[in-house]
Amino acid sequence: MTRLIPVILAALLLASCASTPTVHTDADPSANFSGYRTYTWLNKPDKQGVPPLAAQRIVDYVNAQLNAKGWTESPNGDVAVVAHVATQQQQSLDTMYSGPMYGGWGWGPGWYGGMGMGSATTRVRTYTVGTLVVDLFDTKTKQAIWRGTASDTVPDDPAKGDALLRAGIAEMFEGFPPGSAPAAR
């Protein structure tokens with residue numbers, strides 16, 4: 001049991017660390033972002049089965065990021081904003097070993113007998129990974145000009161989910177518009 005204490009402590013420390021979403025952005029290099037100043041929502045995540053509070057937070061956080069860049073929401077904006085949310089169930093295997101872990105493959109004392117190899121318990125853990133995709137389209141040309149994605153494990157605690165959502169959207173728009181210097185942290 002004393003051998004398991006460091007492993008359990010390390011697992012608890014890792015679990016308590018705040019996760020950071022995996023974020024990627026892409027932009028059309030020919031798009032002239034200096035010509036865009038207004039935007040309109042073409043598709044909000046509330047029509048996709050996203051819980052209403054989470055959907056509203058996505059809209060609010062994207063609006064805050066665009067407003068901070070000098071853009072304003074308008075019924076007939078220069079840019080159309082589309083947000084999609086997807087979730088996927090994933091599984092991982094967690095194996096814990098107990099008992100003596102001596103010997104190993106090969107010949108010599110302890111080979112096939114002696115202390116033995118102990119036992120192992122494997123647990124299947126099912127979790128949900130959520131991905132937010134925000135696309136921007138030029139409303140005149142109908143062409144995509146920018147995409148941001150953020151993915152992470154969806155926590156059970158709504159406050160942690162909100163913090164991940166806020167962090168993911170902030171990181172998406174950190175270097176926005178393309179060609180601008182990212183804000184100092």
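Colleague: What caps the N-terminal end of helix 3?
Modeller: Asp 157 does, with a side-chain oxygen 3.1 Å from the backbone nitrogen of Ala 159. Helices here are DSSP runs of H or I with at least four residues, strands are runs of E with at least two, and both are numbered from the N terminus. The model is predicted, so local features need pLDDT of at least 70, side-chain atom pairs count only at pLDDT 80 or more, and totals for chains, interfaces and linings use all residues. Residues are numbered from 1 along each chain as its sequence is written, and side-chain values use heavy atoms, leaving out hydrogens and water.

Colleague: Which residues of helix 3 are buried?
Modeller: Asp 162, Leu 164, Leu 165, Gly 168, Ile 169 and Met 172. Buried means under 20% relative accessible area, exposed over 50%, and partly exposed in between, with a 1.4 Å probe and protein chains only.

Colleague: Where do they sit around the axis?
Modeller: They cover an arc of only 165 degrees, which puts them on the same side of helix 3. The arc is taken from the directions from the helix axis to the C-beta atoms.

Colleague: And which exposed residues are on the face turned away?
Modeller: Ala 159 and Lys 160.

Colleague: What covers the buried residues?
Modeller: The cover includes strand 1, helix 2, strand 5 and strand 6.

Colleague: New topic. Which residues does the cis peptide bond join?
Modeller: Phe 176 and Pro 177, with omega about -5 degrees. Pro 177 is in the segment after helix 3.

Colleague: Is Lys 142 buried or exposed?
Modeller: Lys 142 is exposed, at a relative accessible area of 62%. Lys 142 lies in the loop between strand 5 and strand 6, and its phi is positive, near 65 degrees.

Terms used: Contact = heavy atoms within 4.5 Å. Polar contact = N/O pair within 3.5 Å; in protein donor to acceptor, adjacent residues only side chain to side chain.
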